[in-house]
Amino acid sequence: MLNKVLVANRGEIAVRVMRACREMGIPTVAVYSEADKSALFARYADEAYLLGPGPASQSYLNIEKILDIAEKSDAEGIHPGYGFLAENAKFADQCKSHGIEFIGPPVNAIEAMGSKIESKKMMKSAGVPVIPGVEEGIRDPERAKDVASKVGYPVMMKASAGGGGIGMKIVYDEKDLAKQLESTMRIAKSSFGDDTVFIEKYLDEPRHVEFQVIGDKKGHFIHVRERECSVQRRHQKLIEETPSCVMTEELRASMGEAAVKAGKVIGYYNAGTVEFMYSKGDFYFLEMNTRLQVEHPITEMITGVDLAKEQLRVASGLPLSYEQQDITARGWAMECRINAEDPQNDFMPAPGKIIRYGEPGGPGVRVDSGVYTGFEIPPFYDSLVAKLIVWGQDRNEAIIRMKRALWEYQITGIKTNIPMHQVIFQDEYFNRGEYTTHFIEEYKILDRVKEYIQTQKLAASSGAKIAAVTAAVGMYMNSVLAAATSKKNE
Ligand code: MV4
């Protein structure tokens with residue numbers, strides 16, 4: 001077992017990984033920026049070292065400083081969390097050359113999955129269904145026209161080095177192709193330093209269904225079922241759930257088989273996620289994420305698998321604790337990402353000081369957070385404050401429980417997206433599980449959130465008015481009563 005683990009991350013995921021380490025008796029090292037000097041994760045660790053100023057480039061992305069602290073603290077392993085350096089092949093390789101265990105997949109797997117074209121090629125060769133198209137970079141408008149006419153309009157153009165929906169363009173007609181190709185290449189170059197673009201069939205009404213996978217260094221490789229992540233805003237996941245509403249035992253078996261094939265074909269080990277597009281009964285490989293995902297807790301809630309602990313076991317050279325037939329599930333889990341954002345100002349990040357913080361609890365509620373009353377949320381990083389996760393016997397109970405937990409959640413002093421979650425959990429289509437990746441736009445959720453906040457304010461203010469009038473009447477009645485009583489006593 002690793003002697004000590006440095007967690008090269010911050011916030012909730014740093015606390016989450018440190019909890020797994022503590023349960024396994026592995027001492028932890030935190031690395032923190034100036035802005036995080038009083039953060040929960042820095043206090044939770046057995047040792048904590050300052051990285052540098054707030055901006056990520058001078059702290060959580062400072063590879064040299066992180067490796068230096070790892071060596072000075074004698075940490076044998078580094079867990080990258082998600083974001084920052086989690087999918088940085090160079091960092092993984094530098095850990096290796098420093099004799100430090102990168103708690104994640106092999107370097108070649110990170111590299112291969114960093115290219116959408118290469119990953120599609122590898123998956124196709126392994127018999128994993130991929131979105132119809134050609135797995136080659138397109139630069140010439142004539143070649144683009146040829147490919148698009150074969151694939152059939154509308155087509156989707158994508159940056160091969162891209163992610164998060166950046167450098168994606170839908171093209172409906174040949175007359176727009178050349179112009180869109182040029183702009184997609186320009187965006188790809190400016191965003192990712194690589195203008196390689198490819199073309200594939202546009203899938204209408206897709207759902208985002210991903211499979212958790214994990215393997216050890218002895219060749220055991222399994223999936224830990226699916227997660228539905230279609231409720232997204234601008235390619236940022238907001239709500240995740242498992243099981244997926246479209247899943248059947250047969251579909252789970254074939255998608256799970258495809259996910260395992262995907263991992264095996266690239267010699268993967270440790271935790272990863274295979275993302276699929278589900279459209280009209282068919283599924284297609286989209287991409288593979290070579291890290292522990294934000295939404296991993298919902299998988300843990302229905303299966304009982306502690307994915308962070310399995311990661312630490314694999315990094316220590318131990319076998320997985322489970323074989324495929326051991327992976328069973330019970331009930332339904334959902335996660336709401338609680339972000340410090342202003343729903344009345346286009347969900348702009350809203351950092352600031354938390355005046356009062358109170359987490360929901362009770363049966364079937366888990367909160368993974370990195371904040372507390374009085375904590376100053378810094379402006380330098382993503383806006384995720386916490387993840388609210390619930391478990392229910394079935395989807396209906398999970399929804400009811402999430403509504404109750406959202407109602408209990410107390411966060412004052414900053415704005416959050418909690419009202420948005422409350423609107424979504426009241427939506428009839430969401431409640432029926434009838435939603436695609438277009439859900440937020442299709443049902444005008446963002447406009448409804450503004451209305452909801454207004455009605456809440458009115459209710460609160462009229463409640464306040466009623467309370468004030470009631471108090472005044474009460475005081476008047478008391479004065480009348482007091483006058484009557486004193487007269488009687490004269
Ligand atoms: C697609 C697609 C439709 N057709 N590809 C790729 C990156 C991912 N974040 C969004 N991606 C999509 N790729 C083809 N050929 C639709 C999307 C998409 C999407 C996919 C999953 C979850 C949310 C999404 C939101 C918008 C677009």
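## Basis of the model

Helices (H or I, at least four residues) and strands (E, at least two) are DSSP runs, numbered from the N terminus. The structure is a predicted model, in which local features need pLDDT of at least 70 and side-chain atom pairs count only at pLDDT 80 or more, while totals for chains, interfaces and linings use all residues. Residues are numbered from 1 along each chain as its sequence is written, and side-chain values use heavy atoms, with hydrogens and water left out.

## The loop at Ser73

The loop between α3 (63–72) and β4 (77–79) contains Ser73. Ser73 is buried, at 3% relative accessibility; here buried means under 20% relative accessible area, exposed over 50%, and partly exposed in between (1.4 Å probe, protein chains only). Its contacts, defined as heavy atoms within 4.5 Å, are with Lys4, Val29, Glu47 and Tyr49 once neighbours within four places in sequence are set aside.

## The ligand site

A residue is near a molecule or strand if one of its heavy atoms lies within 4 Å of it. There are 15 residues around the ligand, and those that come nearest are Lys158, Glu200, Lys201, Leu203 and Gln232. A polar contact is a pair of N or O atoms within 3.5 Å; within protein, one must be able to donate a hydrogen and the other to accept it, and residues adjacent in sequence count only if both atoms are side-chain atoms. From Lys158, a polar side-chain atom lies 2.9 Å from a nitrogen atom of the ligand, and from Glu200 a polar side-chain atom lies 3.0 Å from a nitrogen atom of the ligand. Leu203 contributes through its backbone, with an N or O atom 2.9 Å from a nitrogen atom of the ligand.

The ligand exposes 520 Å² when taken alone, and the protein buries 91% of that. These accessible areas come from the Shrake-Rupley method with a 1.4 Å probe; for residues, only the protein chains shown count as cover. Two or more residues of the shell around the ligand come from each of β6 (155–159), β8 (197–201) and β13 (282–289).

## Helix α6

Helix α6 (residues 116–125) has Lys116, Ile117, Ser119, Lys120 and Met123 as buried residues. Viewed down the axis of α6, these buried residues fall within an arc of 165 degrees, so they line one face of the helix; the arc is that of the directions from the helix axis to the C-beta atoms. The cover over this face includes α5 (107–113), β6, β8, α9 (249–265) and β13. After α6 comes Gly127, with a positive phi near 85 degrees.

Helix α12 (residues 395–408) comprises 14 residues and reaches 20 Å from its first C-alpha to its last, close to the 20 Å expected at 1.5 Å a residue. The expected span is 1.5 Å times one less than the number of residues.

Arg395, Ala398, Ile399, Arg401, Met402, Ala405 and Leu406 are the buried residues of α12. They fall within an arc of 165 degrees down the axis of α12, so they line one face of the helix. On the other side of α12, Ile400 and Trp407 are exposed. The buried residues of α12 pack against elements including β14 (332–339), β19 (365–369) and β21 (384–392). Ala405 has a relative accessible area of 0%. Beyond four places in sequence, Ala405 touches Pro360, Val365, Leu388 and Val390.

## Gln311 and Asn270

Gln311, in helix α11 (residues 307–315), is buried, with a relative accessible area of 1%. Apart from residues up to four places away in sequence, Gln311 touches His79, Ile103, Ile214, Asn270, Ala271 and Leu292. Asn270 belongs to strand β12 (residues 270–279) and is buried at 1% relative accessibility.

## Backbone exceptions

Most residues other than glycine have a negative phi, and most peptide bonds are trans. Asn270 has a positive phi, near 80 degrees. Arg234, which is not a glycine, has a positive phi of about 50 degrees; Arg234 lies in the loop between β10 (221–233) and β11 and is exposed at 55% relative accessibility.

Tyr153 and Pro154 are joined by a cis peptide bond with omega near -5 degrees, and Pro154 is in the loop between α7 (141–151) and β6. The bond from Thr242 to Pro243 is also cis, with omega about 0 degrees, and Pro243 is in the loop between β11 and α9.
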